[in-house]
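Colleague: I have a model open and some questions about its side chains. Can we go through them one by one?

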Amino acid sequence: MRTYDAFPEPIGEYTVGRTQMDLEYTASDHSKRELTAFVYYPSDSNEGKTTSTYMFPEVYEMLKKQSLVTAYLKGEDFFSIDIKTQCYDDLALSGKEKRYPVLFYVCGGGGSPEWGTVICTDLASIGYIVVSIGHQNSTMYKRKDGRLFNVSTGFSDAITALSEDPEMLALAGKMEMRPDDETAIEICRNVLALPILSKLTEYSELQAEDVRYVADCLYKLDSGELNSIFKGRLLLDIGIGIIGHSYGGPTTAIVCRDDDRFACGIGLDSGAFGLQDSDLKKPFLLLFCEPNYNMNAIIGANNSMETYYFSVDRVAHLDYCDIVFTYANEELRGERDAMEMRNLVTDYSKNFFDHYLLQKEASVESLAYDGVDLIKKNSNK
């Protein structure tokens, strides 16, 4: 088993800075939401600093005791946090461009906002500002003020209940590797209609509310209403992009559906919770392990803009995040080389956002990776 002592060098020419912000607001359900956000951004020099810490040890200790993890891994170490990042804390923002476009990254449920460090660093190195949020109840994080936030029992119970639900298990047993569209849409509708999904959908909608709130804050940072290095430097008028892995995928789609400031989105091996009758009205890309098409077929059926479905073979669910480099348990990994998997995810994300945000000629359909197939492109315009 190959181990890595450092994440790969970023693909772009910029040095990557990272800063952390604590935020809080009252959500629509009247709950107080205390968040943190890591912001990755282009810089011109590392200023002689050492690289950012990957994950706080206290967060990792919470992870190792989390019921969702211990049940799955039977007490073994999940992954290593002893790895060198390729970003640096609190650098100056690059002066090469007047403004920089903005993306959001949403990690998987039960995870931590640092789990997207590789993709966030890569995208920042080519000139994007990327925001990764710690979502209360559904993720784990340490705020700048030192307080620790763990996954709530309610969220863990909701995930466990879904995995054990007889109706869900029966539907999962019907999922073929490559069904026809009509069958996939029917399976997707039946899954989304399960009562067991209602609680998970509520958490997805709260995460989407978090994203919209942090987007509000970005506008205040740009205007100078909130003090930061980003005053007058955020390219917001072209729209914002968003990418989510696993449970973060439904959040990504909900944000696209509900907020016109967001121009396009990507789901990485995700699902469609809360999207039964939703027209996202935004270009959307899905990269997934089969038979996950069944879990997302409804998105393209309803979306009035382009929806791309790419199936990726020989990969595992967690290969779409940093665990492709940090895993300590061989069972977590698929068969693809870690660098190839990183390049694949980064290339599809880069080309998609370059095209739909920056209006460049870049195309996801022009990319060629062995075992990556465009199985569907919907456009219902």
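Colleague: How far is the sulfur of Cys 289 from the closest cysteine sulfur?
Modeller: The distance is 11 Å, to the sulfur of Cys 321, which is too far for a bond. A disulfide here is a pair of cysteine sulfur atoms within 2.5 Å. Keep in mind that this is a predicted model, where local features need pLDDT of at least 70, side-chain atom pairs count only at pLDDT 80 or more, and totals for chains, interfaces and linings use all residues. Residues are numbered from 1 along each chain as its sequence is written, and side-chain values use heavy atoms, with hydrogens and water left out.

Colleague: Is Cys 289 buried or exposed?
Modeller: Cys 289 counts as buried, at 12% relative accessibility. Buried means under 20% relative accessible area, exposed means over 50%, and partly exposed is in between, with a 1.4 Å probe and protein chains only.

Colleague: How many disulfides does a search of the whole structure find?
Modeller: The search finds zero. Cys 217 is in no disulfide either, and its nearest cysteine sulfur, in Cys 120, is 18 Å away. Cys 217 has 5% relative accessibility and so counts as buried.

Colleague: Switching to charges. How many salt bridges are there?
Modeller: There are 24 in the whole structure. A salt bridge is a side-chain nitrogen of Lys or Arg within 4 Å of a carboxyl oxygen of Asp or Glu. One of them joins Lys 142 to Glu 58, with the closest N and O atoms 2.8 Å apart.

Colleague: Where do Lys 142 and Glu 58 sit?
Modeller: Lys 142 is in strand E6 (residues 141-142) and Glu 58 in helix H1 (residues 57-65), so the pair links distant parts of the chain, 84 residues apart. Helices (H or I, at least four residues) and strands (E, at least two) are DSSP runs, numbered from the N terminus. Lys 142 is buried at 19% relative accessible area, whereas Glu 58 is partly exposed at 30%.

Colleague: Which residue does Asp 222 meet in a salt bridge?
Modeller: Asp 222 meets Arg 99, at 2.9 Å from N to O. Asp 222 lies in helix H7 (residues 198-223) and Arg 99 in the loop between E3 and strand E4 (100-106), so the bridge ties together parts that are 123 residues apart in sequence. Asp 222 counts as buried at 16% relative accessibility, and Arg 99 is partly exposed with a relative accessible area of 32%.

Colleague: What about Lys 199 and Glu 202, how many residues apart are they?
Modeller: They are three residues apart, about one turn of helix H7, where both lie. Lys 199 is partly exposed with 39% relative accessible area, and Glu 202 is partly exposed at 40% relative accessibility.

Colleague: Which residues are linked in a network of salt bridges?
Modeller: The network links Asp 22, Glu 24, Lys 32, Glu 34, Arg 143, Asp 145 and Arg 147. In general, side chains of opposite charge can pair when their charged atoms come close.

Colleague: Now the backbone. Which peptide bond is cis?
Modeller: The bond from Glu 290 to Pro 291 is cis, with omega near 10°. Pro 291 lies in the loop between strand E11 (284-288) and helix H9 (297-302).

Colleague: Why bring that up?
Modeller: Because most peptide bonds are trans, and most residues other than glycine have a negative phi.

Colleague: What is phi at His 30, then?
Modeller: Phi of His 30 is near 75°, a positive value in a residue other than glycine. His 30 is in the loop between strand E1 (15-26) and strand E2 (32-43). His 30 is exposed, with a relative accessible area of 69%.

Colleague: And Asp 269, buried or exposed?
Modeller: Asp 269 is buried, at 8% relative accessible area. Asp 269 has a positive phi of about 50° although it is not a glycine. The residue sits in the loop between strand E10 (262-268) and E11.
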